[in-house]
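Hi there,

Here is the structure I promised to pass along.

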Amino acid sequence: KERTRFIEGLMSDDGINQINRLFGTLAKTDVEKAKASVESDRIDILQIVQKEVGYCKFNNVVSGLLKQWAVDSVLAEVETGGIDLKDDNSKKRHAKLLSKAGELLLDIGGHWYRGLSMVQEALVINEGLYERKSTHIAQSLYLLGNALASTRNYGEALKTLKEAVDIFESIHGREHEGVAKSLYFIGWVLNKKGEYDEALKMFREALKIQETVFGTDGIETTKAQGNIAMILVNEKKEYDEALKLNELNLAIQEKILGREHPNMAMTMNNIATILGNKGEYEKALEMYKEVLVIREKVLGNDNPRTKVTRRNIANRIRAIRINNKQSNRRRLVIIIIIIIII
């Protein structure tokens, strides 16, 4: 029964987003503040959680179990759903199921080739049902390009995504969600190939369309903003624009996702890195401390990202000490010069 309801939700127009929101909610749930109708039950449950995994690891464990259940559910549904494709309606449903399941596997991660196989099969079915220049074909090509990029087949990914852009644009015009998300992944592939100027161009174009379609404060804009900022920092050393983009990103994420979401910690970490690059070590240190609080709570003390954050804090403290010593030396030199001149 639970699997049936899950698949029905997945197949809805907003199914993938709903599932991702569920995973996001789990990531920021504070189990210590959870309520129960019977207080003794709550105490017993919390004791079990603390004994078995600990509060800091609970969200990760539960999220991992749920994601594995989701993967098992879609794989089982795909296997049974493709047995009897006797008419166009059953073929359409199965193609949609394959597309949704493949997209979910790509979003969850770690199932790249299984996701690739599903979206390839969906495209084959859709090619037998629709004309080449149709939204169904464009969506299949977009998902296939995503999967090819995830499996590092960058040449085929670019070719496939460019065709998706052409079809989406011919049907819906330039300012369409399908065009934006396809351009975003073209930028993603170009970035992986080291073609940073072209990647930056694609990300900016995707962001422009997303801001038109979803608004400047839409959560859909944050990935493009983040990637533009990353290229500006790593390849262009243009810290001011990158800082502005990350601060805008942070404001959108906090409003929609909440302060204790893993994506918030990632954006705050990016801001801290930029502040450090600009020599603003004290501000960077304070931001890294906020990142550490979130990651310890959401990811746990032993998570690699939590450990990296602790190292970043230690590095910033050392940088502040060195900077202070250098400032003191400079002041001393200036004082000596003044005394000599006098």
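Which residues does Ile186 touch, not counting residues up to four places away in sequence? In this predicted model, the partners of Ile186 are Leu158, Leu161, Lys162, Val165 and Met202.

Ile186 also belongs to the largest nonpolar core, which has 64 residues. Together with Tyr142, Leu183, Val189, Ile228 and Met268, Ile186 touches the most other members of that core. Helix α7 (residues 135–150) supplies the largest share, 9 residues. Another core, of 20 residues, lies apart from this one and includes Ile7, Leu10, Ala101 and Leu105.

Now to a helix pair. The axes of α7 and helix α8 (residues 154–172) come within 8 Å and cross at roughly 155 degrees. Angles over 145 degrees count as roughly antiparallel, and α7 and α8 are therefore roughly antiparallel to each other. The crossing of α7 past α8 is left-handed. Among the residues that meet are Ile137, Leu141, Tyr142 and Leu148 in α7, and Leu161, Ile167, Phe168 and Ile171 in α8. By type, the residues of this contact comprise 14 nonpolar, 6 polar and 2 charged.

Two loop residues may also interest you. Most residues other than glycine have a negative phi. Arg152, in the loop between α7 and α8, has a positive phi of about 65 degrees. Arg152 is exposed, with a relative accessible area of 69%. Lys237 has a positive phi too, near 55 degrees, and sits in the loop between α11 (222–236) and α12 (239–257).

Best wishes

Technical notes:
Residues numbered from 1 in each chain as written. Predicted model: local features only at pLDDT ≥ 70, side-chain atom pairs only at ≥ 80, totals over all residues. Heavy atoms only, no water. Core = buried A, V, L, I, M, F, W, Y, C linked by side-chain atoms within 4.5 Å. Buried < 20%, exposed > 50% of the residue type's maximum accessible area, 1.4 Å probe, protein only. Helix = DSSP H or I, 4+ residues; strand = E, 2+ residues; numbered from the N terminus. Contact = heavy atoms within 4.5 Å. Axes fitted to C-alpha atoms, helices over the stretch in contact; angles between N-to-C directions. Parallel < 35°, antiparallel > 145°, perpendicular 65-115°, else oblique. Left-handed = near helix turned anticlockwise from the far one by under 90°. Nonpolar A, V, L, I, M, F, W, Y, C, P; charged D, E, K, R; others polar.
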